[in-house]
Amino acid sequence: MPKGIFKTRDEAIHAWKNNRLTVFDRVNSENVWMLAAGFEHPKLGMLTVAEWVLFMCWHSEHHLPQIRMCSGLQT
């Protein structure tokens with residue numbers, strides 16, 4: 001179930017998009033050291049960009065049931 005961190009759907013989408021852009025900008029940098037750079041996850045603490053990519057791939061499975069429930073889609 002969503003935890004109610006965001007007040008609106010648009011606020012949640014905006015935060016999600018900004019986070020993904022930060023990760024992708026660093027992944028697509030020509031500076032390979034950007035993969036070792038990090039930034040904060042609200043629950044997990046500091047993650048490197050490489051860890052963020054792995055986390056996003058794994059964690060998307062967690063949110064699919066939430067998205068389906070909120071949008072009325074069936075699995």
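## Contacts and overall form

The structure is a predicted model, in which local features need pLDDT of at least 70, side-chain atom pairs count only at pLDDT 80 or more, and totals for chains, interfaces and linings use all residues. Residues are numbered from 1 along each chain as its sequence is written, and side-chain values use heavy atoms, with hydrogens and water left out.

The C-alpha trace of the chain spans about 40 × 25 × 20 Å along its principal axes. The chain has 75 residues, of which 15% are buried. On the scale used, buried means under 20% relative accessible area, exposed means over 50%, and partly exposed lies in between (1.4 Å probe, protein chains only). The accessible surface of the chain comes to about 6300 Å², and carbon and sulfur atoms contribute 62% of that area. Such areas come from the Shrake-Rupley method with a 1.4 Å probe; for residues, only the protein chains shown count as cover.

## Secondary structure

Two helices and two strands make up the secondary structure of the chain. Their order from the N terminus is α-β-β-α. Helices (H or I, at least four residues) and strands (E, at least two) are DSSP runs, numbered from the N terminus.

## The helix pair

Helix 1 (residues 9-27) and helix 2 (residues 49-71) have axes that come within 10 Å and cross at roughly 125 degrees. Helix 1 is therefore oblique to helix 2. Axes are lines fitted to C-alpha atoms, for helices over the stretch in contact, and angles run from 0 to 180 degrees between N-to-C directions. Angles under 35 degrees count as roughly parallel, over 145 as roughly antiparallel, 65 to 115 as roughly perpendicular, and the rest as oblique.

Helix 1 contributes Asn 19, Arg 20, Val 23, Phe 24, Arg 26 and Val 27 to the contact, while helix 2 contributes Val 49, Trp 52, Val 53 and Met 56. Sorted by class, the residues in the contact of helix 1 with helix 2 are seven nonpolar, one polar and two charged. Ala, Val, Leu, Ile, Met, Phe, Trp, Tyr, Cys and Pro count as nonpolar, Asp, Glu, Lys and Arg as charged, and the others, Gly among them, as polar.

## Partly exposed residues

Asn 19 lies in helix 1 and is partly exposed, with a relative accessible area of 21%. Not counting residues up to four places away in sequence, Asn 19 touches Phe 39, Trp 52 and Met 56. From Asn 19 to Glu 51 there are 32 residues in sequence and 13 Å in space, C-alpha to C-alpha.

Leu 35 belongs to the loop between helix 1 and strand 1 (38-41). Its relative accessibility is 34%, so Leu 35 counts as partly exposed. Apart from neighbours within four places in sequence, Leu 35 is in contact with Val 27, Thr 48, Val 49 and Ala 50. The C-alpha atoms of Leu 35 and Val 53 are separated by 9.6 Å, the two residues being 18 residues apart along the chain.

Leu 54 is placed in helix 2 and counts as exposed because its relative accessibility is 62%. Between the C-alpha atoms of Leu 54 and Met 69 the separation is 25 Å, at 15 residues along the chain.

Cys 57 is likewise found in helix 2. With a relative accessible area of 57%, Cys 57 is exposed. Cys 57 and Leu 47, ten residues apart in sequence, are 14 Å apart in space, C-alpha to C-alpha.

Notes: Contact = heavy atoms within 4.5 Å.
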